[in-house]
Amino acid sequence: MNLRVPLAFLSENKQATVVEVVGGRGLVRRLYELGFTPGTKVRVISSSSPGPVLVDVKGARIALGRGVTMKIIVNPE
């Protein structure tokens with residue numbers, strides 16, 4: 001099953017694989033530089049609304065705003 005959802009919809013401690021990043025060239029490039037490339041495993045560490053989403057990607061903890069996490073499309077596991 002290939003369920004594609006924005007990273008913002010994942011609950012805490014859920015893991016997923018990045019499918020694509022949608023947005024302008026600058027945002028896509030910045031997220032790729034941070035490690036959000038297709039095929040990469042990501043895990044939501046903390047997600048309390050309102051506020052940033054804390055994500056583990058490639059061993060690094062990164063805090064992203066909700067608007068940005070809506071642009072990272074993932075396939076939950």
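Is E77 buried or exposed? I looked it up, and E77 counts as exposed at 59% relative accessibility.

**Ground rules**

I am working from a predicted model, where local features need pLDDT of at least 70, side-chain atom pairs count only at pLDDT 80 or more, and totals for chains, interfaces and linings use all residues. I number residues from 1 along each chain as its sequence is written, and side-chain values use heavy atoms, with hydrogens and water left out.

**Salt bridge search**

I searched the whole structure and found three salt bridges. Side chains of opposite charge can pair when their charged atoms come close.

**Entry: K41 and E77**

I started with the partner of E77. The side chains of K41 and E77 meet in a salt bridge, 2.5 Å from N to O. K41 lies in strand β3 (residues 41-47) and E77 in the segment after β6 (72-76), so the pair ties together parts that are 36 residues apart in sequence. I took helices (H or I, at least four residues) and strands (E, at least two) as DSSP runs, numbered from the N terminus. K41 is partly exposed, with a relative accessible area of 44%.

**Entry: R4 and E20**

Next I checked R4. It forms a salt bridge with E20, and the closest N and O atoms are 2.3 Å apart. This pair links distant parts of the chain, 16 residues apart. R4 sits in the segment before β1 (5-6), while E20 is in strand β2 (residues 15-21). I read R4 as partly exposed, at a relative accessible area of 44%. E20 also counts as partly exposed, at 30% relative accessibility.

**Entry: R30 and E33**

Then I turned to the helix. I found R30 and E33 joined by a salt bridge, at 3.6 Å from N to O. Both residues lie in helix α1 (residues 25-34). They are three residues apart, about one turn of the helix. How exposed is E33? I have E33 at 53% relative accessibility, which counts as exposed. R30 is partly exposed, with a relative accessible area of 46%.

**Entry: E33 and V21**

I looked up one more distance from E33. Its C-alpha atom and that of V21 are separated by 12 Å. E33 and V21 are twelve residues apart along the chain.

Definitions and conventions: Salt bridge = Lys/Arg side-chain N within 4 Å of Asp/Glu carboxyl O. Buried < 20%, exposed > 50% of the residue type's maximum accessible area, 1.4 Å probe, protein only.
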